[in-house]
Amino acid sequence: MKQVFRVFWGCTLAAALALTGCGRGGAPGSSGAGSMSGSGSGAMSGGTAGQEQAWRTGLGVVTEAAGSDRAGKITTAAAAVVLDADGKLADVMLDELELSVSGGSTGSVTTPEDVRSKRTKGEDYPLAAVSSLKKGWAEQADAFGDFLTGKTPDEVKKLATDDDGKPKDADLLSGCTIAVDGYRDAVVRACENAKAVGSARGDRAVLGVSVRNDTKDLTADDDHDVTAQVDITVTALTLDADDRVTGAIADVTEPALTVSADGTVSAPELVKTKLEQGDQYGMRGASALNKEWYEHSEGWCDYLKGRTRAEVASIPDDGSDADLAAVCTISVTELQKAALAAFAEE
């Protein structure tokens, strides 16, 4: 049986993905007043407590992997959403990461040096020059997010696209002509996963990504395939008017491509995130807290509530914080980077 060596692509990147500008000032109908929160407690703002408890935060991560004779591709679309008390979208933030790997005829593996997301690349992702709207990726993704604001998850799910994944709606096409089917699916998944974690009227959603890759220079041969894997940590935060965390959800996706000695690149049919794997991830038995990964993640996210960016940055990632260690003992290094990335443009 062939042995398989894993290659973790070498680079660590925290992507700053916070949306600003039109459509990002808060939920429709908001008075503009931010919510008030304290560390470790949920947010409270305008309206009754029962109404605010109904506001939910969602994170959707959709990863697709594809392989062929000499080339493979990993695409991860991510969406952070806030759902209001009526179950309608109050805020949406999107991003996408595309990574490629190629295999040589002698088993060599080539991976990308630039692993920034489309939003992080900014003008380095040259869409505006070829766009009929003369708009870059972020502008068009923001227009799509604004278009979805006020809609129900079911209305989002029914959004029609053509064979290329581009929208058919004329109003949407006036501000967004890129393929949106993947983003639509990520938003739908975020809505399905949405939970009451503390967000409230007036809060806005931000999204952060951290990519971890540890490269080893390996080459596939007749006895050994090489698996190139990248770990992508994604965090959705909701922030109040004082830029304090009112709610958080974090997830990790670990897509992998396998390269054979002849350069053939193969991909898994399905890539589940750690949250999606749930108890099947299998961490509980090895956890000192007898917790599964998603429970450690929930502990970390709850620990962020009420904190500013500076306070999140000051959290030690070595396990020395006793309060954090009581609810989460997994490494928080990438989780912290993703959370800080979500603050970056605030």
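Is Lys134 buried or exposed? I looked this up before anything else. Lys134 is exposed, because its relative accessible area is 58%, and exposed here requires over 50%. I note that this is a predicted model.

**Entry: two positive phi values**

I stayed with Lys134 for its backbone. Its phi is near 60°, a positive value in a residue other than glycine. I then placed Lys134 in the loop between α2 (118–121) and α3 (137–148).

I found a positive phi at Asp243 as well, about 60°, although Asp243 is not a glycine. Asp243 lies in the loop between β9 and β10 (245–253). Asp243 counts as partly exposed because its relative accessibility is 24%.

**Entry: the whole chain**

I stepped back for the totals. The secondary structure comes to 11 helices and 12 strands. The protein has 346 residues, and buried residues make up 49% of them.

How much of the contact list comes from residues 24 or more positions apart? Counting contacts with a separation of 6 or more, I get 70% from such pairs.

I picked Thr235 in strand β9 (residues 231–239). Thr235 counts as buried because its relative accessibility is 1%, and the cut-off for buried is under 20%.

What does Thr235 touch, leaving aside its neighbours within four places in sequence? I listed Val206, Leu207, Gly208, Ile249, Ala250, Leu335, Ala338, Ala339 and Ala342.

I kept one rule in mind here. An α-helix has 3.6 residues a turn, so residues three or four places apart point the same way.

**Entry: Met283**

I moved on to Met283. It sits in the loop between α7 (274–277) and α8 (293–304). Leaving aside neighbours within four places in sequence, Met283 is in contact with Lys291, Glu292, Trp293, His296 and Ile330.

How far apart are Met283 and Ile330 in sequence and in space? I read 47 residues in sequence and 9.9 Å in space, C-alpha to C-alpha.

**Entry: salt bridges**

How many salt bridges does a search of the whole structure find? I count 18 salt bridges.

Arg116 pairs with Asp124, and their closest N and O atoms are 3.1 Å apart. Arg116 counts as partly exposed because its relative accessibility is 24%. Asp124 is exposed, with a relative accessible area of 53%.

Asp154 pairs with Lys158, again in a salt bridge, with the closest N and O atoms 3.1 Å apart. Asp154 is partly exposed at a relative accessible area of 41%. Lys158 is exposed at 62%.

Asp302 and Lys305 meet through their side chains in a salt bridge of 3.4 Å, N to O. Asp302 counts as partly exposed at 36% relative accessibility. Why does Lys305 count as buried? Its relative accessibility is 11%, and buried means under 20%.

I then looked for bridges with shared partners. Such bridges join Lys73, Glu96, Glu98 and Lys118 into one network.

**Entry: a negative patch**

Which residues gather in a patch of negative charge on the surface? I found Glu64, Asp162, Asp163, Asp164 and Asp181.

I followed up on one of them. Asp181 lies in helix α6, which covers residues 181–193. Asp181 counts as partly exposed because its relative accessibility is 30%.

Methods
Residues numbered from 1 in each chain as written. Predicted model: local features only at pLDDT ≥ 70, side-chain atom pairs only at ≥ 80, totals over all residues. Heavy atoms only, no water. Helix = DSSP H or I, 4+ residues; strand = E, 2+ residues; numbered from the N terminus. Buried < 20%, exposed > 50% of the residue type's maximum accessible area, 1.4 Å probe, protein only. Contact = heavy atoms within 4.5 Å. Patch = residues over 30% accessible without salt bridge, like charges linked within 9 Å, V, L, I, M, F, W, Y side chains within 5 Å. Areas by Shrake-Rupley, 256 points an atom, 1.4 Å probe, with all protein chains shown as cover. Salt bridge = Lys/Arg side-chain N within 4 Å of Asp/Glu carboxyl O. Lys, Arg positive; Asp, Glu negative; His and termini not counted. Charge placed at Lys NZ, Arg CZ, Asp CG, Glu CD.
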